[in-house]
Amino acid sequence: MDVIDQEHDELETAFQAKVEAEQRIEPKDWMPEKYRQTLIRQMSQHAHSEIVGMLPEGNWLTRAPSLKRKTILMAKIQDEGGHGLYLYSATETLGISRDEMFEQLHSGKAKYSSIFNYPTLNWADIGAIGWLVDGAAITNQIALCRCSYGPYARAMIRICKEESFHQRQGYDIMMTMAQGTKEQREMAQDALNRWWWPTLMMFGPNDANSANSAQSMKWRIKRQSNDDLRQKFVDATVPQAEFLGLTIPDDKLAWNDVRGHYDFGEIDWEEFKAVVKGNGLCNRERLQARVDAHDGGKWVRDAALAYAAKKADRKAKAA
């Protein structure tokens with residue numbers, strides 16, 4: 001072993017010891033390159049998901065059933081945009097530019113959550129997204145508040161607080177519809193039927209098939225495995241569905257006294273793989289919308305840069 005390799009091993013040992021001592025890793029600290037790349041992949045994907053996630057709900061802003069519902073939905077969509085910006089800023093501390101992250105998204109190299117490639121067919125879908133999708137996000141993100149990387153963990157604290165509002169507004173929509181007319185109850189049940197399984201897919205592959213999960217847990221980027229988080233979500237959500245009088249679309253769902261958890265059916269992983277590969281119902285539509293928005297806003301970015309340059313030039317001349 002040469003001197004360089006020895007120094008690298010010593011740095012890795014010190015890094016892992018710091019992680020295990022529950023000390024946060026900050027941007028200027030030494031970190032393994034694989035740790036940095038893992039964070040860039042996860043954090044940028046999270047940021048992309050927040051931004052793309054605005055699209056299914058934005059489609060219903062003009063069709064919400066009341067001014068109150070429009071106002072609440074607008075506030076929620078604005079929150080999602082803010083979450084994306086927090087996360088892009090946090091990811092930039094790892095040495096990647098925002099333009100590079102956008103290019104990776106627009107080219108298809110970077111992914112976003114598979115859940116946003118499903119269509120919102122009626123107003124009940126907006127309730128299902130808030131209740132189920134944001135509920136699943138909170139389950140995953142609460143653990144991320146204790147992520148070993150400081151900027152990510154701190155961003156998640158505020159995001160989780162706002163996501164809890166999003167889940168409540170979704171559940172309120174579902175409760176209103178479940179207590180409404182026969183047609184409204186049927187719409188709520190139909191939305192649950194369509195969103196339940198894609199929501200369970202949000203936690204990622206089973207632990208045995210997850211390439212990155214074990215290493216991320218060793219580095220304490222993640223605190224719980226995919227399967228543990230999925231189980232936690234199911235256990236919390238089934239009683240909520242029962243309170244609404246809605247039925248989870250899973251014939252194998254049953255409480256297991258021995259395990260102290262709900263047993264549930266197998267996820268269609270072929271569907272999950274197809275959506276991740278870009279073959280979901282709305283993959284192309286979602287990605288094209290992001291590309292069009294980015295290209296359409298180029299003049300604003302150019303104008304801002306020109307103004308900043310003009311202001312700096314005036315300041316230099318005055319000095």
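This is a predicted model: local features need pLDDT of at least 70, side-chain atom pairs count only at pLDDT 80 or more; totals for chains, interfaces and linings use all residues.

His-83 is buried, because its relative accessible area of 0% falls under the 20% limit.

**His-83 and its surroundings**

- Leaving aside residues up to four places away in sequence, His-83 touches Glu-50, Ile-159, Glu-162, Glu-163 and His-166.
- Glu-50 belongs to the H2 side of the contact between H2 and H4, and His-83 to the H4 side.
- Ile-159 and Glu-163 are among the residues that H7 brings to its contact with H2.

**Packing of H2 with H4**

- Helix H2 covers residues 33-52 and helix H4 covers residues 67-92; they pack at an angle of about 160°, and their axes are 7 Å apart.
- Angles over 145 degrees count as roughly antiparallel, and H2 and H4 are therefore roughly antiparallel to each other.
- The crossing in which H2 passes H4 is left-handed.
- On the H2 side, the contact is made by Ile-40, Met-43, Ser-44, His-46, Ala-47, His-48, Glu-50 and Ile-51.
- On the H4 side, the contributing residues are Glu-80, Gly-81, His-83, Gly-84, Leu-87, Tyr-88, Ala-90 and Thr-91.
- Sorted by class, this contact of H2 with H4 holds seven nonpolar, seven polar and two charged residues.

**Packing of H2 with H7**

- H2 also packs with helix H7, residues 150-178, at an angle of about 25° and with the axes 13 Å apart.
- Angles under 35 degrees count as roughly parallel, and H2 and H7 are therefore roughly parallel to each other.
- H2 passes H7 in a crossing that is left-handed.
- From H2, the contact involves Leu-39, Gln-42, Met-43, His-46 and Glu-50; from H7, it involves Tyr-152, Met-156, Ile-159 and Glu-163.
- The contact of H2 with H7 comprises five nonpolar, two polar and two charged residues.
- Met-43, His-46 and Glu-50 are among the H2 residues in the contact with H7, and they are also among those in the contact with H4.

**Packing of H5 with H12**

- H5 and helix H12, residues 283-296, pack at an angle of about 140°, with axes 9 Å apart.
- H5 passes H12 in a left-handed crossing.
- Where the two helices meet, H5 supplies Phe-102, Leu-105 and His-106, while H12 supplies Leu-287, Arg-290, Val-291 and His-294.
- Four nonpolar residues, two polar residues and one charged residue form this contact of H5 with H12.
- Glu-103 lies in helix H5, which spans residues 98-107.
- Glu-103 is partly exposed, with a relative accessible area of 47%.
- The C-alpha atoms of Glu-103 and Gln-23 are separated by 33 Å, and the two residues are 80 residues apart along the chain.

**Buried residues with polar contacts**

- Ser-213 is found in helix H9, residues 213-218, and counts as buried at 5% relative accessibility.
- The side chains of Ser-213 and Lys-222 are joined by a polar contact of 3.2 Å.
- Beyond residues up to four places away in sequence, Ser-213 touches Asp-207, Lys-222, Ser-225 and Asn-226.
- Asp-235 is found in helix H10, residues 226-244, and is buried, with a relative accessible area of 18%.
- Again not counting residues up to four places away in sequence, Asp-235 touches His-261 and Tyr-262.
- With His-261, the side chain of Asp-235 makes a polar contact of 2.5 Å.
- Asp-235 and Phe-264 are 29 residues apart along the chain, and their C-alpha atoms are separated by 10 Å.

**Loop residues with positive phi**

- Glu-22 is not a glycine, although its phi is positive at about 65°.
- Glu-22 has its place in the loop between helix H1 (3-20) and H2, and is partly exposed, with a relative accessible area of 42%.
- Arg-220, likewise a residue other than glycine, has a positive phi near 60°.
- The loop between H9 and H10 holds Arg-220, which counts as partly exposed at 22% relative accessibility.

Note on methods. Residues are numbered from 1 along each chain as its sequence is written. Side-chain values use heavy atoms; hydrogens and water are left out. Axes are lines fitted to C-alpha atoms, for helices over the stretch in contact, and angles run from 0 to 180 degrees between N-to-C directions. Helices (H or I, at least four residues) and strands (E, at least two) are DSSP runs, numbered from the N terminus. Angles under 35 degrees count as roughly parallel, over 145 as roughly antiparallel, 65 to 115 as roughly perpendicular and the rest as oblique. A crossing is left-handed if the near helix is turned anticlockwise from the far one by less than a right angle, and right-handed if clockwise. Contact means heavy atoms within 4.5 Å. Ala, Val, Leu, Ile, Met, Phe, Trp, Tyr, Cys and Pro count as nonpolar, Asp, Glu, Lys and Arg as charged, and the others, Gly among them, as polar. Buried means under 20% relative accessible area, exposed over 50%, partly exposed in between (1.4 Å probe, protein chains only). A polar contact is a pair of N or O atoms within 3.5 Å; within protein, one must be able to donate a hydrogen and the other to accept it, and residues adjacent in sequence count only if both atoms are side-chain atoms.
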